[in-house]
Amino acid sequence: MAATPACLVALALTFLLLDCPAPATAESWVQRRREVRSLLRRLNKLPLASIESSDGDVIDCVHISKQHAFDHPLLRNHTIQMQPSYHPGGMYYDSNIPPRPITQIWHENGKCPESTIPIRRTKEEDVLRASSTWRYGKKRPRIIPNLSLINDPATPNVTLSGHQYAVASTHEDRYHGTKITINLWQPMIARTYDFSLTQLWISGGSYSSKDLNTIEAGWQVYPSIYGDNKTRLFIYWTSDAYKSTGCYNLLCSGFVQTSNLIAIGGSFSAMSTYGGPQFDFDILVWKDPMEGNWWLQVDNNVVGYWPSSILSSLENSASYIQWGGEVYTKDDGQTYTHMGSGHFPEEGFGKASYIKDIQVVDLSNTLNPPGDLILRNEQPNCYNLQNGTDGDWGTYIYYGGPGKNLSCP
């Protein structure tokens with residue numbers, strides 16, 4: 001059935017407001033809308049309950065067995081592993097100190113029942129902000145700071161491609177995971193398609209072999225994904241160097257969530273302030289030595305896992321682990337978008353953003369300091385980092401910056 005003039009006008013206004021490329025014909029308008037609605041039917045599973053959050057999100061409580069993960073061809077007959085068989089050694093908790101619960105804004109209005117998982121509902125306008133339905137929730141190739149390619153003249157310039165980093169990395173070895181404590185901030189986003197994030201990368205394989213696998217987790221501010229400037233918990237994965245597999249959060253099948261307490265993609269309740277209170281949270285990602293799955297824990301909450309069957313290059317171990325900040329801008333020239341707190345590392349605690357207590361999981365499944373770190377930052381006058389070791393903080397980095405300034409044109 002042909003679209004009515006009123007519908008076409010409404011669609012045109014939608015695309016103009018969202019600053020998206022508009023389809024060229026009436027038929028392509030209708031086709032795009034059909035594709036969007038088809039995707040929404042796949043993503044938004046029938047919930048047993050729903051919670052409206054004051055930040056505008058709707059959190060659907062979906063039965064754990066009905067989650068989108070099991071639409072993956074390799075997981076059609078997957079048996080859910082409800083708990084890891086083993087935690088890394090070297091983790092000690094003082095029983096006199098109560099666990100610090102991570103809080104997300106949707107928690108104010110309720111919680112999901114047992115046997116369900118909280119999923120941030122995807123809305124039509126979320127998908128329409130993407131350049132295409134297929135690209136929604138995906139990264140583009142070559143957006144991991146691959147340290148093995150630093151001196152390779154064929155490697156694209158990171159700044160020219162829009163991605164800028166301040167990251168620390170291990171030397172190449174064999175790893176079974178990492179644990180860090182991440183400082184929470186709400187960086188300023190200057191341009192429509194900019195984003196700012198802080199994360200860990202666990203990687204195996206390579207770009208050249210097109211088998212790069214990554215596991216990623218942290219926080220991000222990404223208006224074109226979420227439609228706002230809130231700081232949100234995120235995950236990502238790929239098994240083919242970002243060509244076609246993997247996505248943010250639960251926007252494709254793959255990651256199996258087991259927790260009913262944490263919404264991946266949900267916004268945090270408390271943010272650090274410059275010169276004021278500081279907030280942080282722990283992330284642990286490790287390989288289960290029995291089942292081979294890669295587990296995610298946020299503070300004391302075991303959230304879920306990446307099944308070993310979808311990550312062939314990480315089947316035995318990872319080759320590199322990296323930690324730090326990233327800023328992306330789609331437009332030409334340097335952006336004013338902040339990384340971390342928007343202040344340089346030398347300003348220190350309470351002003352610069354940090355990642356502390358950096359540890360790696362070795363092949364004996366024990367947490368240890370990472371040893372000497374490799375630091376990478378192409379534009380130190382825009383975004384920078386420093387590292388150090390302290391008795392209370394262990395191995396740490398301060399990182400971040402304001403982007404464009406007098407010394408960073």
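Cysteine 382 and cysteine 408 are joined by a disulfide, with an S to S distance of 1.8 Å; the term denotes a pair of cysteine sulfur atoms within 2.5 Å. The torsion about the S-S bond of this pair is about 95 degrees, so the disulfide is right-handed. Cysteine 382 is located in the loop between strand S16 (374-376) and strand S17 (384-390), and cysteine 408 in the segment after strand S18 (394-400), so the link ties together parts that are 26 residues apart in sequence. Strands (E, at least two residues) and helices (H or I, at least four) are DSSP runs numbered from the N terminus. Both cysteine 382 and cysteine 408 are buried, where buried stands for under 20% relative accessible area, exposed for over 50% and partly exposed for values in between (1.4 Å probe, protein chains only).

The structure is a predicted model, in which local features need pLDDT of at least 70 and side-chain atom pairs count only at pLDDT 80 or more, while totals for chains, interfaces and linings use all residues. Residues are numbered from 1 along each chain as its sequence is written, and side-chain values use heavy atoms, with hydrogens and water left out.

Three disulfides are present in the model. A disulfide is a covalent bond between the sulfur atoms of two cysteines. When the bonded cysteines of the protein are numbered in sequence order, the pairing reads 1-2, 3-4, 5-6.

Cysteine 61 is bonded to cysteine 112 at an S to S distance of 2.1 Å. This link is left-handed, with -80 degrees about the S-S bond. It connects distant parts of the chain, 51 residues apart: cysteine 61 belongs to strand S2 (residues 58-63), and cysteine 112 to the loop between S2 and strand S3 (116-120). Cysteine 61 and cysteine 112 are both buried.

A disulfide also joins cysteine 247 to cysteine 252, with 2.2 Å from S to S. The link of cysteine 247 and cysteine 252 is left-handed, at -90 degrees about the S-S bond. Cysteine 247 counts as buried because its relative accessibility is 1%; cysteine 252 counts as buried because its value is 16%.

Nonpolar cores were defined as sets of buried Ala, Val, Leu, Ile, Met, Phe, Trp, Tyr and Cys residues joined through side-chain atoms within 4.5 Å. The largest such core has 81 residues, and those with the most contacts inside it are Trp219, Phe281, Ile283, Val285, Leu296, Trp306 and Trp323. Another core, of 11 residues, lies apart from it and includes Trp286, Trp295, Val302 and Tyr305.
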